[in-house]
Amino acid sequence: MTATPNTGCAGEKNMLDGKRLVLVSNREPYVRKQGPDKGHFERTTGGLVTALDPVMRRCGGVWLAWDPGGDPALPHRFEVPESGPTFTLRQVPLSRGEVRRYYYGFANRALWPLCHYFIDRCHFDDEQWNDYVAVNRRFADATAQEAAREDLIWVHDYHFCLLPRMLRERRPRGTIAYFLHIPFPAEEVFKILPWRREILEGILGADLVGVHVPSYVTDFLGCCERLLGAKVDHGAKVVHWDGRQVAVQAFPIGIEVEEIEGIASAPETASRARRIRKNLKESKVVLGVDRLDYSKGIPERLLAVERLLEEAPELRGGLTFVQVAVPSRTRVQEYRHLKRVIDELVGRINGRFGDSSWQPIRYLYRSLGRQDLIAHYLAADVAMITPLRDGMNLVAKEYCAARVDEDGALLLSEFTGAAEGLASGAMLVNPFSVEGTANKLREALELSPNERSSRMKLMRAHVRDTHINVWLQDILLAASKIPGADCIG
Ligand code: ADQ
């Protein structure tokens, strides 16, 4: 059964049946303010926090997250937020060395590239692995301290693949859900990982494993069957492991549609969008928005724009590609190198085609505020979202939600989870083909207003159907049906 977006978050309380949610994610939902307000907490941004903060506040519970560089001697348990209903934030202090080896190391130099099919970028290091194990164990101890037997424990993402099993050892009859926000790769790729067994066994400590799309379910089941020798029921999507049944399901994550539509409909946002276009001399606007990550395919995108300008000289002077890239993982060498590659490409393309009155590429290396971001979505003729691999990609969904005018084309990589749902309205591309992407970009720029509008309507309907609340309620509902779950339902 699928929940409807209109029910908001009201249904989750019934599904939890008054029980608490104990949530574990690397990033914290609230951070301590700096400056004169030091000591107070403010909410962080991002889809996960936006969706789960209200649930936590309504139902009560504990959210465990890291405290990088935190002093173990200081208190690490707080009630947040400061007013209204609260829940407990439990910080787990990590030393700088642990952050370097567990987070920037194993999580982001082994698991991230592996799951995104960048085998040659994988860096396998015993010391980093040992700290990954140690940090997962520290979180397991902290979570076990916080969770009562009947609570639902929900672990998030690749930072904590070992945690479900470690928790199972501490809570044999507890109910544990796990959600992976990045792709689960094909067996031939996953088997490269020296610790492949440990990672699979770790995840299988959960009762329910959630991923974004059905193809990741298939790949995960295949790995369990062939790399672990587990008995797998492919029809029911269940792994029989360690005397238990582990359900593996696709739950495509969504966004808070009303929040984006509300900002997009505000007159100030529309006037900001008009100013953006005016500043770009009313040229056709192509937009890219990403974290600066090699999985997002930014250099390949720039090469496609360059190819289009080579092949279609009539577009010179009348087309601007705006790339907004938010700095990310700047302590990792591959990310610093990527920034240099992009800087050079932007310089080369602008130097080659630009003149004193027009530059083909506008490159913003920063995070935009919510309204500014949505104004950029509104100002674009085409959003060019072409990751080489992406678990879902929320930017594609945000772009569609922002287009309350039902205009704008979407050029979307077929290697994103988002492509599975948006295929009817998006123009799908293979980002590894510079020529193919350039051709598709040209087609997208030439779509008639009617065609753009009918495609956008289809995509907006899909984005509404996969609202973040649907994702949340579907997972809670699935958790409530876990056989023998004595915590919920
Ligand atoms: P990310 O890799 O971070 O997420 P994505 O899903 O696109 O990728 O989310 C990025 C978020 O950051 C969006 O909400 C976007 O608005 C925001 N953002 C990006 N660039 C920005 C900028 N320059 N300024 C302001 N905001 C910016 C991981 C996985 C994805 C998966 C999500 C959720 O890699 O595949 O969709 O988790 O599960």
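Start by selecting Gln91, which sits in strand β6 (residues 87-94). Keep in mind as you go that this is a predicted model. Is Gln91 buried or exposed? With a relative accessible area of 7%, Gln91 is buried, because that value falls under the 20% cut-off.

Now show what surrounds this residue. Leaving aside residues up to four places away in sequence, Gln91 touches Arg32, Phe41, Ala65, Asp67, Pro75, His76 and Phe78. Pick out Asp67 from that group: Gln91 and Asp67 are 24 residues apart along the chain, yet 5.5 Å separates their C-alpha atoms.

Next, select Val80 and Pro81. The peptide bond joining these two is cis, with omega at about -15°. Pro81 belongs to the loop between β5 (77-80) and β6, the strand that holds Gln91.

From here, move to helix α5, residues 163-170. Which residues of this helix are buried? They are Leu163, Pro164, Met166, Leu167 and Arg168. Color them, then bring up their partners: the buried residues of α5 pack against the helices α4 (126-146) and α7 (196-203). They also pack against the strands β1 (21-24), β7 (152-156), β8 (175-179) and β12 (244-250).

Select Lys237 in the loop between β10 (231-233) and β11 (238-241). Its phi is positive, about 60°, although Lys237 is not a glycine. Lys237 is partly exposed, with a relative accessible area of 35%.

Then select Glu282, in the loop between α10 (267-279) and β13. Glu282 also has a positive phi, near 55°, and is likewise a residue other than glycine. Glu282 counts as exposed, because its relative accessibility of 51% is over the 50% cut-off.

Zoom out now and color the chain by domain. Domain 1 covers 12-254 + 469-480, and domain 2 covers 257-465. The C-alpha centres of the two domains lie 31 Å apart. Where they meet, the contact takes 24 residues from domain 1 and 20 residues from domain 2.

Finish at the ligand. How many residues surround it? There are 23, and the closest are His181, Leu368, Asp390, Met392 and Glu398. Keep your domain colors on for this view: domain 1 and domain 2 each give at least three residues to the shell around the ligand. By class, the shell has 11 nonpolar, five polar and seven charged residues. To see some of the elements involved, highlight β13 (284-291), β14 (319-326), α13 (370-379) and α14 (394-402); each of them supplies at least two residues of the shell.

- His181: one of its polar side-chain atoms lies 2.7 Å from an oxygen atom of the ligand.
- Asp290: a backbone N or O atom of this residue lies 3.5 Å from a nitrogen atom of the ligand.
- Gly391: a polar backbone atom here is 3.1 Å from an oxygen atom of the ligand.

Taken alone, the ligand exposes 720 Å², and the protein buries 84% of that.

Key
Residues are numbered from 1 along each chain as its sequence is written. This is a predicted model: local features need pLDDT of at least 70, side-chain atom pairs count only at pLDDT 80 or more; totals for chains, interfaces and linings use all residues. Side-chain values use heavy atoms; hydrogens and water are left out. A residue is near a molecule or strand if one of its heavy atoms lies within 4 Å of it. A polar contact is a pair of N or O atoms within 3.5 Å; within protein, one must be able to donate a hydrogen and the other to accept it, and residues adjacent in sequence count only if both atoms are side-chain atoms. Accessible areas come from the Shrake-Rupley method with a 1.4 Å probe; for residues, only the protein chains shown count as cover. Helices (H or I, at least four residues) and strands (E, at least two) are DSSP runs, numbered from the N terminus. Ala, Val, Leu, Ile, Met, Phe, Trp, Tyr, Cys and Pro count as nonpolar, Asp, Glu, Lys and Arg as charged, and the others, Gly among them, as polar. Domain bounds come from an automatic or database domain assignment. Buried means under 20% relative accessible area, exposed over 50%, partly exposed in between (1.4 Å probe, protein chains only). Contact means heavy atoms within 4.5 Å.
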